[in-house]
Amino acid sequence: MDKNKRRAVIAGNWKMNKTPAEAAALMDALLPAVAGAGCDVVVCPPFVALPAVLDKARGSAIAVGAQNVHFEKSGAYTGEIAADMLAELGVRYAIVGHSERRQYFGETDETVNKRARAAVDAGLCAIICVGENLAQREQGVTEDLIRLQTRVALGGFTAEDLKKVIIAYEPVWAIGTGRTATAAQAEEVCAAIRMLLAELYGQKVADGVSIQYGGSMNAENAAELLAQPNVDGGLIGGASLKPADFGAIVKAAGV
Ligand code: PEP
């Protein structure tokens, strides 16, 4: 499939940055920076800033996502946020299984699967993150690991469900380190993910799924990464907090 038929998705993960007032101010700067975007643009602020950001995003081309979502609908899960709560606010995306969640908060492939299921059931688009750490890359197990993470994350998902799924390939060694995967490395793993999707769901379905690269993507390296045949967009951390840089990445994705 011609990758141009898949709409590129550039998503900003603001992580634990910006109070609601600061988030609103960042939106004021981002909106002109991404005006006329030729790709889908998503920002994922902290939970408490979602209302302020949704307010600013209303009527614009920016969609809003959450950085996590719980798998139960309601109940005794202190500190967690359910998918329906997000959907009711107007949130349209949820990042699931970010490596920081896996590393610091005990997220596993199984909980990633459950969270992604809950997101999709609530009508959200799940951005499912997978990625190897440096030791795993050096041991040569990257492809096996990514296939396993992706397969478990998608357990029980139908081809129809996949319309609401984005896979984000994020090598852990590249996140927040300034050390970006080469375009060839990003393409190799994104292509392997698409091959797995084709094995599981058929080539036509696999060709319709957006696969992002994430890991120190910035204004300088975005164009080369996004030009790869199987890299359909980016999940952006640090650079998503800098309006000019995020705008440049969005522009690189839209051409
Ligand atoms: C991320 O947090 O998903 C990410 C890719 O961060 P950074 O762009 O800062 O490496």
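Predicted model: local features only at pLDDT ≥ 70, side-chain atom pairs only at ≥ 80, totals over all residues.
1. Asp 28 is partly exposed, its relative accessible area being 43%, where partly exposed covers the range between buried (under 20% relative accessible area) and exposed (over 50%), with a 1.4 Å probe and protein chains only. Lys 56, at 30% relative accessibility, is likewise counted as partly exposed. The side chains of these two residues, Asp 28 and Lys 56, meet in a salt bridge with an N to O distance of 3.0 Å; the term stands for a side-chain nitrogen of Lys or Arg within 4 Å of a carboxyl oxygen of Asp or Glu. This pair links distant parts of the chain, since Asp 28 belongs to helix H1 (residues 20–33) and Lys 56 to helix H2 (residues 50–57), 28 residues apart. Helices here are DSSP runs of H or I with at least four residues, strands are runs of E with at least two, and both are numbered from the N terminus.

2. Residues are numbered from 1 along each chain as its sequence is written, and side-chain values use heavy atoms, with hydrogens and water left out.

3. The structure holds 16 salt bridges. Among them is the pair of Arg 58 and Asp 55, whose closest N and O atoms are 2.8 Å apart; Arg 58 is exposed at 59% relative accessibility, whereas Asp 55 is partly exposed at 49%.

4. Glu 199 and Arg 147 also meet through their side chains in a salt bridge, at 2.6 Å from N to O. Here too distant parts of the chain are linked, with Glu 199 in helix H8 (residues 183–201) and Arg 147 in helix H7 (residues 142–153), 52 residues apart. Both count as partly exposed, Glu 199 at 49% relative accessibility and Arg 147 at 22%. Elsewhere, salt bridges that share partners join Glu 80, Arg 101, Glu 107 and Arg 115 into one network.

5. Strand S8 (residues 233–236) has Gly 233 and Leu 235 pointing one way and Gly 234 and Ile 236 the other, and all of these residues are buried.
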